[in-house]
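Please read them with the sequence and the model side by side.

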Amino acid sequence: MIDKFKAKFVEESNDNVHDLEEALLLLEKDTGNKEIVERIFRAMHTLKGGGAMFGFNQLSEFTHHLETVFDLVRNNKLEITDDIISLTFESIDHIKHMLEVGDVDDEEELDNQQSFIQRVQRVANLEGAVVTKTPASKEVAVKDDGSKTYLIDIKPNEEILRNGTNPFYLLDDLHAMGIAKVVAYHEKVPVLSSFNPISNYCHWQVVLNTSESINDIKDVFIFVEDECDIAINEISAGNLLTSTELVNKIDEAARLQKPLVKDELAGLAASTSDSEAKKDARKKVQLKEHKISSIRVNSSKIDELVNLVSELVTIQAQLNLFAENDGNPAVLALAENIQKLSRQLRDNAFSISLIPLQSELMRFQRLVRDLSKELQKDIDFVIEGGDIELDKNIIEHLTDPLLHIIRNAVDHGIELPDERIGNGKSPKGTILFKAYYSGASVIVKVMDDGKGIDPEFIRNKAISKGLIDSSTELSRKEIFELVFLSGFSTKDEVTDVSGRGVGMDVVKKKIGEIRGEVSLDSEIGKGTTLTLELPMTLSIIDGLLVRVFNNQYVIPIANIEKIYAIDSVSFGKTFNHVVNIDSEQYPFIDLRETFETDLVNKGTEQLILVKYEDRKVGLLVDQVIGEFQTVVKPMGRFLKKQENISGASIMGDGTIAMVIDTNRLIHNNATKKYRTKN
Amino acid sequence: MTSIISFLINGEVFAFDTLKVRNILEFDKVTWVPNTKNYLLGVINLHGNIIPIADLRMMMGTENAEIGQDTAIIVVSDDDKTDSLIGLVVDGVKEVFDLDEASLKESVINGNTGLVHTFTGSIFKNDEFIHIIDLSEVVQEIEK
């Protein structure tokens with residue numbers, strides 16, 4: 001079971017890492033772009049949080065250090081330099097490696113990791129300082145980082161100094177790329193009497209270990225190409241400078257002024273790094289095998305597929321009709337086969353894009369369990385509506401925000417058992433995760449019965465953060481909205497769990513990306529409720545097809561309590577516009593009236609009792625046709641104003657049935673009708 | 001050079017920029033949507049998408065516009081998104097031709113009764129005036 005989660009985490013993290021790399025590449029071109037820094041920071045944050053959750057503790061620790069660096073950048077305390085970028089790239093590779101192997105206890109690996117962390121920390125410690133090139137650190141002994149060792153011959157001609165070129169800058173640049181050892185050859189320097197101070201008599205050899213490509217090394221010499229003889233030769237993969245044999249050779253070359261020969265060094269490499277090369281190769285193979293297990297497809301492609309399939313099903317229904325009328329048995333058989341195929345195709349296409357919420361909920365359960373243990377809280381995580389199906393794309397966008405929300409509920413919401421008892425509550429806190437359809441939307445609520453949030457506290461905090469002016473008058477609702485502003489986070493200290501200011505603004509942004517909305521409500525001492533309203537563009541709902549006047553409508557089955565034939569209920573001549581069913585009175589809405597149709601067929605109607613909040617309300621329709629599973633499509637921007645209808649379904653024969661948003665319908669009517677508590 | 005598509009409304013000729021036009025359909029069954037403006041006739045299923053249909057003739061002030069053999073739906077989009085596709089009902093589609101911008105004159109509006117007031121301009125062609133409708137105003141009106 002745990003392995004399943006781990007695999008999922010690894011899969012997602014690989015995406016995160018991919019995103020990280022992409023962002024980093026962008027940052028390299030545009031080092032001042034804060035949005036990209038944010039993006040990088042968030043990706044790291046997710047890696048960190050997820051890593052800690054799924055037992056990748058070393059990964060989490062490592063990412064934490066890296067995150068610190070970008071937190072400084074984010075807060076303008078550190079400037080992005082090429083060194084930071086290169087180091088981050090290296091780190092990403094390391095993260096990939098850690099994702100693959102998980103936590104290790106191999107000493108060599110641990111050393112490797114420690115030295116890496118030290119490097120990252122060193123960058124973080126430069127806070128405030130103007131960051132120049134990080135000198136190559138000699139104690140770092142990276143072996144499996146994909147770096148290479150080069151032998152570089154630099155032979156400037158005599159004239160080079162006349163152009164103002166200082167060859168030492170070239171050497172500095174090489175030092176900045178990795179670990180370099182330089183041998184200077186000065187055998188050509190003449191006696192002082194014939195020494196010309198503007199002529200160059202030296203040449204150098206550099207043994208460089210770097211993860212940069214050979215082209216990057218060439219770039220260093222781009223302006224001196226004409227004045228130098230440059231030879232760059234790869235002598236080995238990995239860091240050959242760790243070999244004492246090589247270091248001795250270099251020292252010897254410097255002493256004897258006898259240049260190093262590339263083949264000799266290469267031979268050295270073969271003898272020392274054989275085993276490592278094998279290790280590398282093995283890792284690469286594993287990586288390749290990993291990647292094929294699932295593919296990611298642009299959601300627009302899936303949308304298009306589903307649309308095309310819907311159309312196919314429609315045409316196929318027409319074909320069936322034609323074949324039946326035609327009566328030709330051959331055509332009939334063909335039509336039947338096509339029907340079978342298109343049905344399978346439709347089911348397949350839909351199943352690609354829809355997954356039940358349940359599949360993600362397990363992760364949250366695990367999160368609550370682990371986190372509450374760590375924080376010594378006692379929490380019950382209750383799930384309602386886990387079978388709700390949502391677009392895969394939507395669920396994916398939902399995971400991160402929900403992780404944040406639930407983490408917040410556990411970390412900040414629910415109190416410690418003692419505190420709870422002190423407040424007269426049960427020591428065990430409850431987090432209720434509730435999902436349900438509301439017309440063409442899915443509502444997800446995360447409710448905790450914790451200490452709640454004081455609106456005044458939020459207000460003061462927003463003032464202190466400069467988000468609002470101290471004189472601004474805000475309603476209760478507006479105050480809670482402040483939580484979603486960028487730069488607002490209600491907990492100052494940094495915890496391993498719920499972040500340092502990566503907060504509700506991210507949640508709002510993520511939910512906004514899938515055209516959803518998020519709102520917060522809280523009562524001091526009672527708890528906090530976060531409500532997400534999500535569209536379900538492609539969601540399939542189980543609906544009851546009904547007819548009102550000449551139109552077909554779909555009422556989501558989840559909302560329906562019971563259906564009555566009209567003669568079993570009596571519209572008593574009551575003063576309060578209610579219907580009597582089984583000695584109970586319910587308010588009702590005549591849909592034919594609400595939809596402003598001509599009332600025909602009075603007497604043959606049926607009454608559908610639907611749930612609305614804690615009440616039940618009757619809906620009067622002309623006829624109940626039956627139960628259907630339908631795909632809800634949006635009505636487009638021009639019909640958004642029509643609140644009673646939240647979407648439409650295309651039936652098998654191509655006709656359209658509109659989906660009634662019973663919650664809105666009843667809500668809109670409630671202002672007109674009298675309320676009765678059930 | 002822009003190409004425009006001309007169509008008939010109540011005996012007069014109007015036109016749109018062809019780049020905004022996605023489809024031209026025969027008028028077929030439209031599913032009526034309750035609680036909407038009068039000129040919104042309902043929705044249709046176009047290639048699996050739900051497209052609202054507005055009667056442009058009613059918007060232009062034509063009363064009791066009837067559905068005849070030539071009645072057509074021009075599906076347009078002002079910003080190229082599926083979400084903003086809308087079908088407009090006209091009495092009949094005439095032709096597509098290249099607009100000679102030099103011959104474009106300012107449209108003369110004298111207290112019309114419909115909901116559409118903004119025109120890109122008018123041209124005189126084959127003994128009749130063709131008024132080019134500004135689509136964005138139509139769209140805004142429907143969305144209001």
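1. The expected span of a helix is 1.5 Å times one less than its number of residues. The model discussed here is predicted. Helix 3 of chain A, residues 57-74, has 18 residues and should therefore span 26 Å; its end C-alpha atoms lie 25 Å apart, which agrees.

2. After helix 3 of chain A comes A:Asn76, with a positive phi near 60°.

3. The largest nonpolar core holds 76 residues. Those touching the most other members are A:Leu619, A:Met658, B:Val43, B:Ile53, B:Ala54, B:Ile86 and B:Leu88. Leaving aside residues up to four places away in sequence, B:Val43 has among its contacts A:Met635, A:Ala648 and A:Ile656 from chain A, and B:Val30, B:Ile51 and B:Ile53 from chain B. Another core, of 42 residues, lies apart from it and includes A:Val368, A:Leu390, A:Leu403 and A:Leu532.

4. The contact between the chains involves 21 residues of chain A and 20 of chain B. On the side of chain B that touches chain A, strand 4 (40-46), strand 5 (49-55), strand 7 (85-90) and helix 2 (135-143) of chain B each give two or more residues. Strand 5 of chain B gives the most, with four residues.

Methods: Residues are numbered from 1 along each chain as its sequence is written. Chains are lettered from A and ligands numbered from 1 in the order in which they are written. This is a predicted model: local features need pLDDT of at least 70, side-chain atom pairs count only at pLDDT 80 or more; totals for chains, interfaces and linings use all residues. A nonpolar core is a set of buried Ala, Val, Leu, Ile, Met, Phe, Trp, Tyr and Cys residues joined through C-beta atoms within 7 Å. A residue is buried if 20 or more other C-beta atoms lie within 10 Å of its own, exposed if 12 or fewer, and partly exposed in between; C-beta atoms are placed from the backbone. Two residues are in contact if their C-beta atoms, placed from the backbone, lie within 7 Å.
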